Amino acid sequence: MSVQILSAQVRVGRGQRANDGNTIDYSTPKEYEIAEINVTGLETLSDIAIKSLTGLEVGDRIKIPGDDITNAIKRIWAQGIIDDVSINATKFEEDKVYLNVAIKERPRLTKFIFKGVNKSQETELSKKISLYKGRVLTDALMKNTELTIKNYFIDKGFLNVKVKMEQVRDTVLTNNVQLKIDINRNAKVKIHRIDFKGNEEFSDLRLKKKMKSTNEYIRLSLIKDLFQKIFTAKPKEVKEFITTTEEVTAKELKQYINNHIKLNFFNS
């Protein structure tokens, strides 16, 4: 955003002279009547609309320098449809001032192209994002588009998805661009294991049934664990294991099995 509010040196036309010597004294604001408001730099927007957005009208009396010009720029900028704006005095005549509103418009969308997704994903994403031909590409729209795409893939387990958007100028239409959306899903993030702490009333298995959508990673390490316990144990430990008289509770058995077996296709 360029905020150029009536620069300190104001140039005037030949044979014309600002009543204060064609310079602005910033320490002493002076009141002027607006004699004319001109708008330059427009490509698709209406000059009537821009003038209306400024809140300024011919005949208004404003102080220069002052808040009137600052607020006019803020009102235009708040619409999110311009890349740059400045308001300058082009001429002074006694107590009258001629204003020029210089605008640089934001580009409009010709079309958008996805890269890195299949046709099905492209169709689904097109329905979720708010892009269409002729829409002004504001910062908010670009950010919302990126977040929508990221959330779509995050919901599918691609937590490290990257989205890069590039605006390519359209050579046919003035101030129009094509938007290239490059998506890199990266590897899918899987939950290896879910452990619970502090659950006394409900078993781990019961709690996991309520979290089926998390798709805990499949594992089958029961046999491996038993072999390790038997063949890597010392003779004394094997003897204690065989001769022990301690009873294993059902809860302990379930917990042991749950730690080593997880098959997603048993989920209903």
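Q: Why does I149 count as buried?
A: In this predicted model, I149 has a relative accessibility of 0%. Buried means under 20%. The value of 0% falls under that cut-off, so I149 counts as buried.

Q: Where is the place of I149, and which residues does I149 touch, not counting those up to four places away in sequence?
A: I149 sits in helix α4. Its partners are F114, L125, I129, V163, I181 and I183. Take L125 as one of them. It is 24 residues from I149 in sequence, yet the two C-alpha atoms are 6.8 Å apart in space.

Q: How do you know that T145 is buried?
A: Its relative accessible area is 3%. The limit for buried is under 20%, so T145 qualifies. T145 is also a helix α4 residue. Leaving out residues up to four places away in sequence, T145 touches I129, L131, M165 and I181.

Q: What makes E146 count as buried?
A: E146 has 17% relative accessibility. That is under the 20% cut-off, so E146 counts as buried. E146 too is placed in helix α4. Beyond its neighbours within four places in sequence, E146 contacts V163 and M165.

Q: At what angle do helix α3 and helix α4 pack, and how far apart are their axes?
A: The angle is about 130°, and the axes are 10 Å apart. Helix α3 covers residues 119–128, and helix α4 covers residues 139–154.

Q: What makes α3 oblique to α4?
A: Set the angle of about 130° against the limits. Roughly perpendicular runs from 65 to 115 degrees, and roughly antiparallel starts over 145. The angle falls between those two ranges, so α3 is oblique to α4. The crossing of α3 past α4 is right-handed.

Q: Which residues of α3 and α4 make the contact?
A: From α3 come Q121, E124, L125 and K128. From α4 come T148, I149, Y152 and F153.

Q: How many aromatic pairs does a search of the whole structure find?
A: The search finds 4.

Q: Why is the pair of Y32 and F92 called tilted?
A: The ring centres are 4.9 Å apart, and a pair needs centres within 6.5 Å. So the rings of Y32 and F92 pair. Their planes stand at 50°. Stacked needs under 30 degrees and edge-to-face needs over 60.

Q: Which parts does the pair of Y32 and F92 tie together?
A: Y32 lies in strand β1, residues 30–40. F92 lies in strand β3, residues 82–93. So the pair links parts that are 60 residues apart in sequence. Both Y32 and F92 are buried.

Q: What makes the pair of F153 and F158 edge-to-face?
A: The centres of the two rings are 6.2 Å apart, and the planes are at 80°. The distance is within 6.5 Å and the angle is over 60 degrees, so the pair is edge-to-face.

Q: Are F153 and F158 buried or exposed?
A: F153 has a relative accessible area of 0%. F158 has 11% relative accessibility. Each value is under 20%, so both count as buried. F153 and F158 also belong to one aromatic cluster with Y152.

Q: How do you know where the charged end of K91 sits?
A: It sits over the ring of Y98, 4.2 Å from the ring centre. The distance limit is within 6 Å, and 4.2 Å meets it.

Q: Why is N186 called partly exposed?
A: Its relative accessible area is 35%. N186 is in the loop between β7 and α5 (204–209). Its phi is positive, about 60°, although N186 is not a glycine.

Q: What makes N175 count as buried?
A: N175 has 8% relative accessibility, which is under 20%, so N175 counts as buried. N175 lies in the loop between β6 (162–169) and β7 (176–184). N175 is not a glycine, yet its phi is positive at about 55°.

Q: Which peptide bond is cis, with omega near -10°?
A: The bond from I64 to P65. P65 is in the loop between β2 (61–64) and α2 (67–77).

Terms used. Residues are numbered from 1 along each chain as its sequence is written. This is a predicted model: local features need pLDDT of at least 70, side-chain atom pairs count only at pLDDT 80 or more; totals for chains, interfaces and linings use all residues. Side-chain values use heavy atoms; hydrogens and water are left out. Rings of Phe, Tyr and Trp (its six-membered ring) pair if their centres lie within 6.5 Å; planes under 30 degrees apart count as stacked, over 60 as edge-to-face and the rest as tilted. Helices (H or I, at least four residues) and strands (E, at least two) are DSSP runs, numbered from the N terminus. Buried means under 20% relative accessible area, exposed over 50%, partly exposed in between (1.4 Å probe, protein chains only). A charge sits over a ring if NZ of Lys or CZ of Arg is within 6 Å of the ring centre and within 35 degrees of the ring normal. Axes are lines fitted to C-alpha atoms, for helices over the stretch in contact, and angles run from 0 to 180 degrees between N-to-C directions. Angles under 35 degrees count as roughly parallel, over 145 as roughly antiparallel, 65 to 115 as roughly perpendicular and the rest as oblique. A crossing is left-handed if the near helix is turned anticlockwise from the far one by less than a right angle, and right-handed if clockwise. Contact means heavy atoms within 4.5 Å.
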